[in-house]
Amino acid sequence: MDRKDYRFWSVQIKEKALRLGFEYVGISNAEILLEEKERVEQWLSEGYQAEMHYLENNKEKRYDPSKLFEGTKSVVTVLLNYYPERILDKDNNYKIAKYAYGKDYHFIIKDKLNLILDELKKDIPKLEGRAFTDSAPFLDRAWAKQSGLGFIGKNTCLINRKMGSFFLIGQLLLNIDLEYDSSEHSNYCGSCRRCIDACPTGALKDEFTIDSRKCISYLTIEYKGDLPQNLKNNFNDWIFGCDICQDVCPWNRFSKPHSIQELNPHPSLFDKLKSKKDWESLRPEEFGEIFRGSAVKRAKYSGLKRNIDFLAKES
């Protein structure tokens with residue numbers, strides 16, 4: 001393809017993605033992320049990955065997409081808004097991360113990206129690609145930044161200046177050259193440190209650094225052991241994930257409700273789980289029904305029950 005083709009197919013990809021409900025789309029050259037490599041290696045050396053030892057595997061694939069998908073020339077990044085129209089009551093109630101209200105985003109995003117890929121293959125000879133969303137050794141936020149979709153905030157989240165940070169990230173690795181967007185080089189946190197000050201467990205150790213060993217989101221989802229007693233009384237009623245550092249971020253004043261049907265919660269999330277008592281009496285069959293296809297299933301009933309029991313014993 002020549003330069004005109006690069007632009008044409010870049011426009012086509014973005015239009016297809018926007019029609020499928022993605023809020024923003026960016027495209028970057030599949031270069032090696034040398035700066036990110038240095039940062040991640042330092043983060044790992046400090047032990048901030050906690051027991052997520054899988055982050056120590058296939059590290060070169062995280063920095064070089066051609067090692068993850070051979071022949072990669074372009075990285076297409078999409079953002080999917082997940083900010084809900086309605087939020088769980090906070091008074092005398094437990095909380096789950098907003099992204100987990102509806103269907104598991106992994107399936108939603110990958111299905112949409114594969115639709116784009118299938119359509120492109122019909123028109124571009126020898127096109128090959130692969131879709132990812134938080135399911136492979138891939139630095140999704142770094143590539144979103146490379147694609148001009150936002151900057152990395154002090155809470156380590158990707159922040160889009162028009163939408164905030166309540167969005168999900170997906171990527172398509174393609175073996176064709178495209179027209180590339182400019183990377184976001186500036187940081188717009190300024191002197192603000194609301195996220196750092198608001199984190200009840202001190203997981204945001206320094207600006208732009210998170211210690212997973214203290215992160216409520218990690219502890220309530222990924223961590224399988226007994227929850228740390230020294231952090232007891234600091235979970236602020238979060239039983240699956242945590243949105244504190246995003247809720248206090250000034251950039252999220254731009255958040256607006258999503259329009260993705262699959263991300264809408266099961267009605268019982270609001271109708272049956274109105275108080276802490278409701279969560280504490282939640283039965284396995286009710287859990288299976290309310291969270292069918294939800295990311296909450298990652299914790300399983302036993303994990304969610306562990307988190308609830310831990311908090312129920314605080315008072």
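How many nonpolar, polar and charged residues does the lining of the largest cavity have, by class? The first legend holds the reply.

This is a predicted model, in which local features need pLDDT of at least 70 and side-chain atom pairs count only at pLDDT 80 or more, while totals for chains, interfaces and linings use all residues. Residues are numbered from 1 along each chain as its sequence is written, and side-chain values use heavy atoms, with hydrogens and water left out.

View A. The structure holds one cavity of 30 Å³ or more, and the largest has a volume of about 30 Å³. A cavity is a set of points, on a 1 Å grid over the protein atoms alone, where a 1.4 Å probe fits but cannot get out; lining residues have an atom within 4 Å of a point. Grid points are joined across faces, edges and corners, and the volume is the space filled by probe spheres set on the points. Here you can find Arg-86, Leu-88, Asp-89, Asn-93, Leu-269, Phe-270, Leu-273 and Lys-274 as the lining. By class, that makes four nonpolar, one polar and three charged residues. Asp, Glu, Lys and Arg count as charged, Ala, Val, Leu, Ile, Met, Phe, Trp, Tyr, Cys and Pro as nonpolar, and the others, Gly among them, as polar.

**View B. Strand E2 and its two partners.** Strands are DSSP runs of at least two residues (E), and helices of at least four (H or I), numbered from the N terminus. In E2 (residues 74–81), eight of eight residues are buried, meaning under 20% relative accessible area with a 1.4 Å probe, protein chains only. Ser-74, Val-76, Val-78 and Leu-80 point one way, and Val-75, Thr-77, Leu-79 and Asn-81 the other. In a regular strand the side chains alternate between the two faces of the sheet. Two strands pair if DSSP finds at least two bridges between them. E2 runs antiparallel to E1 (residues 24–29), joined by six bridges, and to E7 (residues 167–174), joined by eight. Look for Val-76 as the bridge partner of Ile-27, and for Val-75 opposite Leu-173.

**View C. Cysteines without a disulfide.** A disulfide here is a pair of cysteine sulfur atoms within 2.5 Å, and the count is zero.

Note on methods. Buried means under 20% relative accessible area, exposed over 50%, partly exposed in between (1.4 Å probe, protein chains only). On a 1 Å grid over the protein atoms alone, a cavity is a set of points where a 1.4 Å probe fits but cannot get out, and a pocket is an open set with protein on both sides within 12 Å along at least five of seven lines; lining residues have an atom within 4 Å of a point.
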